[in-house]
Amino acid sequence: MRKDPFVTTDPTNETPAKKTAAKKSPARKPPAKKAPARTPAAASSPSTTTSTTSTTGHASGRPARRAVILGGNRIPFGRAGKAYASASNQDMLTAAIDGLVARYGLAGAQLGEVAAGAVLKHSRDFNLTRESVLGSALDPRTPAYDVQQACATGLETFVTLANKIQLGQTESAIAGGVDSTSDAPIAVSEPLRKTLIKLSYAKSAGQKAAILAKLRPKHLAPAPPRVDEPRTGLSMGEHQAITTLQWQIPREAQDELALASHERLAAAYDDGFFDDLMTPYRGLVRDENLRADTTLEKLGSLKPVFGKRLDGEATMTAGNSTPLSDGASTVLLASEAWAAEHGITPLAAFIDAQSAAVDFVHGRDGLLMAPVFAVPQLLARNGLTFDDLDFIEIHEAFASTVLCALAAWEDDEFCRDRLGLDGALGTVDRAKLNVHGSSLAAGHPFAATGGRILATTAKLLAQRKAETGKTARALISVCAAGGLGVAAILESA
Amino acid sequence: MSDTYVKAVNSGFTATLAKRLGLPRPAMLRRYTPGEPLRTGPVLVLAAGDPTSHADADALASAFVGWDLDVRRSWGEGLGKVSAVVVVLTGLTHPDELHSPALELGSVLKQLAGGGRVVVVSRAPGEADAPAVHAVRQGIDGFVRSLAKELRAGATGNAVQLEDDATVGDPSTLAAVRFFLSNRSAFVAGQLLTIGRPGVPDGAPDPSDSTGLGNGTKLEDSYWDAPLAGRVAVVTGAARGIGASIARTLSRDGARVVLVDVPAAGDALAKVANELGGTALQLDITAEDAGQRILDHVRVRAGHLDIVVHNAGVTRDKLLANMRPDQWDLVLGVNIAAQLRVNEALLASDLFRDAPRIVSLASTSGIAGNRGQTNYAASKGGVIGMVRATAPLLAPIGGTANAVAPGFIETDMTARIPFATREVARRLNSLQQGGQPIDVAEAIAFLASPAAGGVSGQVLRVCGQNLVGA
């Protein structure tokens, strides 16, 4: 039983403000039973009982054209201040694009569109993606734009481009993301910034002197970037600590998930899984954060870093939380016609996506719990359950973020009251979860995580289909700052 | 890599000084640039006195005229420099007959221009030939190797040896003569290349197929500009050094390139791939399924594979007494075992059927041996055996397998050799300098070309006629 500070079973405890917040929740009216379920291609899902007539054309709710993932490329992720300490976002994104271009022989090619983004971004990088394209081996006439949705940037960028392809607005695209916590922008203090702006308007020397005279030494202190939530002042870790306590996720479970992440990522490297998904950069050939030799004992010996001031056991450590990281990732997607024309075999097709947000400021939901609401909507709309999925990729912002989501979906009461379902959504089979590790081991350069997960998942789906001859499906879920979340479904091509 | 000594003895005050002191003065070798004329001065075609040699010389001379060469059949003192001399000895049957063509060649050698070429065209003895025939033809071998050592100022001497029923008009003969005449062979000296009949693909060869270059096929003039047009080539170890140069050269000659290197070299590999508009395949060639993964990579992208250059190689030098098992295993594993495994997959594949070419990197160490390189020499000697035995397997589909054995080449690897050893190693050849990666690449591009179908199972040394490995 979860420990909910807002105790949904006792309505008197709920303030009117929270009721409003809850009503606004996208899960309040889930379209689960009402919306016509889409039929996944090949219609092999045992749970699918609706139309199986056509897998193409709008009649069945499917787009006329599919957007397919052809491959991906990322640079190994570095730890903040280490291997990529002197690399800029533009350097890393350009390297990630160039590696992708080389893998698919696209040097000099004019693509339909390149979109990417960064969460921590210098103001001078207003055209980060375009500048990266201009510095890459692509035809300089390839259009580009920037996207930003906190940690969901990478996945949302992909969804947007995939939609454009499905609509016939473009034929080929690269979706990317990059982040550097090492080369982060540092701003001046607000008083200094305002003083400098005033100074630029001052006409006489006297006016300038008067303005400068108001400056105090403390104003000269730089304002480094913060990952704290602007509305609560709490760090993401502190926010997650509240949710972790709320769902009573034990320390051991978090450490076990972290261990699995490291072990699985290391095994994937050893198997050569990343040989065609990654290009080394600045001397790194593997993710710098990966600890292939870590153990439960080592993880268990770490001191908690978040939730120490909460009324409960602090369980979140540096080992079961993702570190600040640097890195970039890209995904090549296109229409099936473009893929055929360029002699590239698609790995997976984009099926559907759903965004959600929670009111973590006033409401009862944790900062990183939005995917918990997005996923059931997405599954229902596509007539799928967890059992129909071959792979489930949940971004490991913290081990407990994943475990809170799993706990919520297993909780009858929560699923009934908050998600509007008949009962628990279901249990995620751990054997399908983050099978090649995730952010705890790889690191999490915010905007680059989506591309990392997409490319890995697309390759997994292609491999599974090659093994079984059957369509394979995957769910991707990414939580983000600001109470945001994006989920997507992919299917083997 | 730069050889400062070669630069110093060729320019300014240091050049004068070197001349006065009588120091060895290696020439600045001219390398090929696309579009340049084959030779810039007169090309003298000499023949032995017999009718066969005469007829063959006539045939070659008329082919040369087609290549816009300034062809002469005689030369004399006071007429200035000749840029190349081609000596046709295909009809010799006794060592006595070598007298007049040899001395006639000798009389014009002082007029051979810097960077000039001597190409001897002869015939290989057959099993049924008389001892005198064997004597003169084997004698030509020694003659050419010695002559090449006498040439100066970047000039080279090489020979083309026709086997069985190969003729001077065969595309392979013309391509080989042209290779030796051109600046593509700047660092090839004292070599004999044997020309046989190209294997003919099973079934009736389509004469219009530019790759099925059988006897009598005419090479279009445009062929020489892009001999590898339409061909798909895989180069292993392509991220840097000689491998990158091979990829650039094949691409320059018109091939579509797939660049293979270990995942750890992926960033350098991507740069070369993007420079050439090729594709990068990060792959450890020692993987069991490496051949299959190469084929999978080209299957959808290109639909066929025509050229595979086995360039990837490693050294782990140690005296045998001190050799660790891992050092032995790594060198043999990468340099020969991986190639054998990949070739098996290639030979079994339906993608590798159109007069394919395998070119493998051997080494002069594999021929002459080298102290501290028992493992390396075993692997490189193995390469020579492998191509010799692979050649007949490819002949039914018009394919060839050959090896190139580089001598001292200026690379990152040789730059790490201690100074004194390096200086000695560089000078110990007829051209008194190390070669460049491009020199190896040019030889490979020639062997990979459709016209070289009559060259198979051979080892072409690119060593400036190094004293070791002769």
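Guide: Domain bounds here come from an automatic or database domain assignment. This is a predicted model, where local features need pLDDT of at least 70, side-chain atom pairs count only at pLDDT 80 or more, and totals for chains, interfaces and linings use all residues. Residues are numbered from 1 along each chain as its sequence is written, while chains are lettered from A and ligands numbered from 1 in the order in which they are written.

Visitor: What distance separates the centres of domain 2 of chain B and domain 3 of chain B?

Guide: Chain B is assigned domain 1 (1-28), domain 2 (41-195) and domain 3 (226-462). Taking C-alpha atoms for the centres of domain 2 and domain 3 of chain B, the separation is 30 Å.

Visitor: Which helix gives the most to the side of domain 2 of chain B that touches domain 3 of chain B?

Guide: Counting residues as in contact if their C-beta atoms, placed from the backbone, lie within 7 Å, 21 residues of domain 2 of chain B meet 17 residues of domain 3 of chain B. Helices (H or I, at least four residues) and strands (E, at least two) are DSSP runs, numbered from the N terminus. Helix 5 (131-150), helix 6 (171-181) and strand 6 (192-195) of chain B each give two or more residues to that side of domain 2. With five residues, the top contributor is helix 6 of chain B.

Visitor: And where does the largest share of the side of chain B that touches chain A come from?

Guide: That contact takes 19 residues from chain A and 17 from chain B. At least two residues each come from helix 8 (266-276), strand 9 (279-282) and helix 9 (290-301) of chain B. The largest share, six residues, is from helix 8 of chain B.

Key
Two residues are in contact if their C-beta atoms, placed from the backbone, lie within 7 Å.
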